[in-house]
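Visitor: I am new to reading structures. Could you walk me through one, feature by feature?

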Amino acid sequence: MDYQALAELLYPSVQHDCDYYEAKYPERNLPEGAKVLRFAPSPTGYLHLGGVYQVMCDERLAHLSGGVFMLRIEDTDSKRELADGIRVITDGISKFGIQIDEGMTPDGEKGAYGPYRQSQRAEIYHTFAKKLVAEGKAYPCFCNEERLSAMRAEQEAKKVNPGYYGEYAACRDLSLEEVKAHLDNGDKFVLRFRACPTGERPEFTDCVRGRIDVPENDVDMVLIKSDGIPVYHFAHVVDDHLMRTTHVVRGEEWLATLPLHVQLFDAMGWKRPEYIHTATIMKIDNGGKRKLSKRKDPEAAVEYFFTEGYPREALIDYLLMLLNSNYEEWRAANPDASYEAFPYSVEKMSNSGCLFDFNKLYDISKNVISRMDAKTAYASSTLWSANYDAEWHSLFTADPEKAIAILSIGRGGEKPRKDIGLWKELPAYAGFFFEERFDPDYSPLLGYDKADVEKVLAEYSALYQPEDDQTTWFGRIKELAVSLGYAPDTKTWKKNKESYKGHAGDVSMFLRVAVTGRTNSPDLCEVMRILGKEKVAERLEKAASYIKEKE
RNA sequence: GGCCCGUUGGUCAAGCGGCUAAGACACCGCCCUUUCACGGCGGUAACAGGAGUUCGAUUCUCCUACGGGUCACCA
């Protein structure tokens, strides 16, 4: 068989030889130890949480080592592709504040190793495919779908492994004339890899799993589809070689095809990259674990978390915590440090799949938000509201000074309040500060002595001094309480419950319900100061008239 | 079904031949407290099962069970 002639026959229009591309994409000139990684998603219309999980790993390893993080788009399957696919991915990544050094970025394509969209690399793939054919390592296959399914049926009946191999590989030894006849006939072909089993089990190492022991591949897998576009396996090998990728981070579902990839690297005569197969993020479903899926789980798409109002720092913390087992400990010791200061390492990566834990994320998010200063919190919350709650946004941003004052309550200091885990909760938490959202529930007032409640509501306005400090402020309430026969504090009251109607806390509760419209609120003294004397008086009257109506 | 990978409390996990088997989240109790949110203290709860190696196995080996993945002209 004249393989050279076959190669010419199959790929007559290939312009360059392989050396041309080797020269065009030279070894990168990077410092010792610098890693080159890529995130390589398909543009199917959304960014998967598991994708960001990998992005974090890629980005950390690249940037911590002084290397390169690139984004390559694997758009070799036009059937699954979505129009906005690439933008959704680049936007999603930039929402995490992650810098893409090379490839598809929010500002367009950049870098010297492109194009970075596989659909635009056909010429490159064909060049290397031609070489494989010329060396007898790949061959055209004209089997149609019918033929292949007949083959599978037969294999199933015989209970042998399915696939195009050995005696089933009908087109493996087609003569040059037969190929020519097919081509003259206008038949489409796929290019198949000629697997040559050696009978030995290949051995290779995965950075997180260590030695992996699998049987070698003996199937003549498709390398290039009949439309001339390669399948993932071939594109992966060619691209990661030419882009000089040093570490391939991908989901563990790729472990199964690793033997093929190893064979391909060997067939091309290339050094293979290091592999890091990540564990899968799963969720509980009907008592069983399963992979997060786009169709069933809204939280599979990162957009969901932004809609809910999780700050990106919280998502990053959560993902890094899953990715590196010692991250949580580091974070506890360095609560205010940027995640970029964390010494991320491949050694600390987990190799077993984990369940997505909303409780944990929520807790992390609560901590992240509580640690923000008021201005940062304002910026973070309005970033959310601008996109996902326009009505609240205009209300909250109408007076930024007021908004920041609201967010300042209980913030800073050793033990900041942790009221909010998601920005989505902010309107419910702070709504009462705005007349438009003030929807009071006065009913708890009915549980107290009516005359006392009325008296407090009537008299407090005159007592209230906005300039009072915390202690003075509460002192006035105490005085009022005592004058009505309430104990000045809980301790006194507990010692002698019979002598008092209640304690000062009860009286402040009257005020709390009247002013905020609910039984719990952040510090009432601060709340009143933000509302102002006038508004406080107005609300006390409103509550008083409610009580009156209830007669 | 074949082949891979995995298995420490409900969840995430430390551990890398000898420990009363960490910690975090969740849950429960107590304390603090003008409500709430914090914070403090304490509690419930785990090495999948069985062989073997060893003076000694959570740690090493094998088997079983269970879970996950993969067997496309999808990635």
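Visitor: Which residues come nearest to RNA strand B?

Guide: A word first: this is a predicted model. Now the strand. There are 60 residues around RNA strand B. Arg 209, Lys 225, Glu 328, Lys 360 and Arg 417 come nearest.

Visitor: How do the residues of that surface divide into nonpolar, polar and charged?

Guide: Sort each residue by class, then count. The surface near RNA strand B has 25 charged, 20 nonpolar and 15 polar residues.

Visitor: And on the RNA side, what share of the atoms within 4 Å of the protein belongs to sugar or phosphate?

Guide: The share is 73%. The rest of those atoms belong to bases.

Visitor: Take α19 and α21. At what angle do their axes cross?

Guide: Roughly 110°, and the axes come within 9 Å. Angles of 65 to 115 degrees count as roughly perpendicular. So α19 and α21 are roughly perpendicular to each other.

Visitor: Which residues make the contact?

Guide: From α19, they are Phe 474, Ile 477, Lys 478 and Ala 481. From α21, they are Ala 504, Val 507, Ser 508 and Leu 511. By class, six are nonpolar, one is polar and one is charged.

Visitor: Now the whole chain. How many helices and strands does chain A have?

Guide: It has 23 helices and 14 strands. For overall size, compare the radius of gyration with that of a compact globule. A compact globule of 551 residues would be near 24 Å, but chain A has 33 Å. Its C-alpha atoms fill a box of roughly 110 × 55 × 40 Å along the principal axes.

Visitor: What should I look for in the backbone?

Guide: Look for exceptions. Most residues other than glycine have a negative phi, and most peptide bonds are trans. Here a cis peptide bond joins Gly 114 and Pro 115, with omega about 0°. Pro 115 sits in the loop between β4 (108-110) and α5 (122-134).

Visitor: Is the phi of Lys 159 positive or negative?

Guide: Positive, at about 55°, although Lys 159 is not a glycine. Lys 159 lies in the loop between α6 (145-158) and α7 (176-184).

Conventions:
Residues numbered from 1 in each chain as written. Chains lettered and ligands numbered in written order. Predicted model: local features only at pLDDT ≥ 70, side-chain atom pairs only at ≥ 80, totals over all residues. Heavy atoms only, no water. Near = heavy atom within 4 Å. Nonpolar A, V, L, I, M, F, W, Y, C, P; charged D, E, K, R; others polar. Axes fitted to C-alpha atoms, helices over the stretch in contact; angles between N-to-C directions. Helix = DSSP H or I, 4+ residues; strand = E, 2+ residues; numbered from the N terminus. Parallel < 35°, antiparallel > 145°, perpendicular 65-115°, else oblique. Contact = heavy atoms within 4.5 Å. Rg over C-alpha atoms; globule rule 2.2 N^0.38 Å.
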